[in-house]
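The sequence and structure are shown first.

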Amino acid sequence: MPVPMSMPAATDTGAGGTAPPAVSDADRAEQLGRELDRLRAEIVADRGPDDAHYIRTVIAVQRGCEAAGRLALAVSLFPPAWAAGTALLALAKTLENMELGHNILHGQWDWLGDPAIHSTTWEWDFATPADAWKRTHNHLHHTYTNVVGRDRDLGYTVLRMSPDQPWRPVHLLQPVYTALLAPVFEWGIALYDLEADAVASGRKSVRAFLGDVTGLARKAVRQAAKDCVLFPLLAGPSALPCLLGNVTAATARNIWAHTVIFCGHFPDDVQTFTEERLDGESRGEWYLRQIQGSANIEGGPLLHLLTGNLSHQIEHHLFPDLPSNRYTRMAPRVREICDRYGLPYVTGPLWRQYASMWNRVLRHALP
């Protein structure tokens with residue numbers, strides 16, 4: 001259920017000993033918004049060569065891992081080569097999907113003016129076409145975060161993750177299809193991004209839907225041809241183990257992406273909202289909804305890198321187009337602001353967020 005903004009008023013009586021006038025929740029939300037706007041402006045003004053060096057280094061590492069993994073899988077009749085090649089390729093696919101593809105498509109690096117690292121030119125190693133994903137994720141999800149009936153990412157139209165979503169008998173099976181979704185996550189997202197439900201409700205034309213189906217078919221053929229045909233054929237005698245390594249690497253990436261996304265959006269303490277929450281919503285209230293509707297995952301630098309810094313989901317939802325490498329340094333300041341305003345800052349280690357997410361899936365499977 002939506003939780004109204006309730007932030008404790010200041011208790012400092014000041015030098016004269018007279019209590020300040022009461023401050024409304026709307027005023028407090030605007031104060032919050034101004035603080036977060038200042039933090040955003042500070043980061044924008046500070047972007048520079050160090051950030052550019054970071055993203056180009058990640059790209060170089062990702063491409064090096066992919067090249068090494070492909071080479072190892074080309075001789076994967078030897079079990080050590082198969083293990084090394086599969087691990088390197090899984091790492092490369094994870095980096096490309098999480099830290100590169102997701103964040104580049106958010107426009108986090110558009111300010112560099114480099115057409116090779118731009119949201120309008122990047123096509124990622126993922127089944128869903130970039131343009132389709134940007135429409136459903138960047139626009140719908142990040143605008144209407146966790147608003148029942150507006151944010152299609154709230155359960156991806158098949159899961160019930162809020163008591164405000166109507167219950168249907170099929171939801172009894174949602175623990176099963178949540179688990180089955182993980183290894184094929186990229187294909188599930190690709191089908192979801194077609195927005196077939198929008199066609200049924202009249203919000204999307206049949207012509208637009210068929211255009212998206214054509215785009216997905218082209219992308220799916222390229223993805224399958226690369227991992228299931230081209231590289232196995234190039235491996236010659238190692239064709240079958242190479243194919244198995246490619247599929248294993250993609251599956252590992254899918255399971256990891258599913259875990260990170262679900263742990264950032266669906267732990268128990270993450271709130272959902274009704275459409276009434278959007279009525280007259282100010283910038284400060286939008287910030288507030290992002291804080292209440294996201295969760296972080298605690299860990300070290302390697303975890304943050306492998307999650308695409310979506311372990312800082314709160315910071316990402318507040319500032320989706322700021323460079324992801326900045327989230328780690330921003331997080332303590334965002335948390336301090338939340339503490340001052342009496343706002344929840346949902347965070348915890350991966351195992352706890354994962355268990356909490358599954359508790360939510362199980363609970364809302366029932367009426």
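## Packing and charge pairs

Leaving aside its neighbours within four places in sequence, F262 is in contact (heavy atoms within 4.5 Å) with Y156, L159, T178, L181, F185, P267 and M357. F262 also belongs, with L100, Y156, F185 and F266, to the residues that touch the most other members of the largest nonpolar core, which has 31 residues. Such a core is a set of buried Ala, Val, Leu, Ile, Met, Phe, Trp, Tyr and Cys residues joined through side-chain atoms within 4.5 Å. Buried means under 20% relative accessible area, exposed over 50%, and partly exposed in between (1.4 Å probe, protein chains only). Helices that each supply at least two residues of this core include α3 (79-105), α6 (185-192) and α9 (239-265); helices are DSSP runs of H or I, at least four residues, numbered from the N terminus. Apart from this core lies another, of 21 residues, among them V334, Y341, L343 and Y345.

The model is predicted: local features need pLDDT of at least 70, side-chain atom pairs count only at pLDDT 80 or more, and totals for chains, interfaces and linings use all residues. Residues are numbered from 1 along each chain as its sequence is written, and side-chain values use heavy atoms, with hydrogens and water left out. The chain averages a pLDDT (the predictor's confidence in each residue, from 0 to 100) of 93. Over residues 1-23, pLDDT stays under 50. Where pLDDT is low, the predicted coordinates should not be read in detail.

The whole structure contains 25 salt bridges, each a side-chain nitrogen of Lys or Arg within 4 Å of a carboxyl oxygen of Asp or Glu. Three of them are listed here.

| D227 | K93 | 2.8 Å |

D227 is buried at 7% relative accessible area, and K93 is buried at 2%. Both belong to a network of salt bridges that also links E66, R70, D125 and K226. D131 and K134, by contrast, are three residues apart in helix α4; D131 is exposed at 57%.

D151, in the loop between α4 and α5 (174-181), is buried yet has no salt bridge. Its side chain makes a polar contact with the side chain of H141 (3.1 Å). A polar contact is a pair of N or O atoms within 3.5 Å; within protein, one must be able to donate a hydrogen and the other to accept it, and residues adjacent in sequence count only if both atoms are side-chain atoms.

Methods. Lys, Arg positive; Asp, Glu negative; His and termini not counted.
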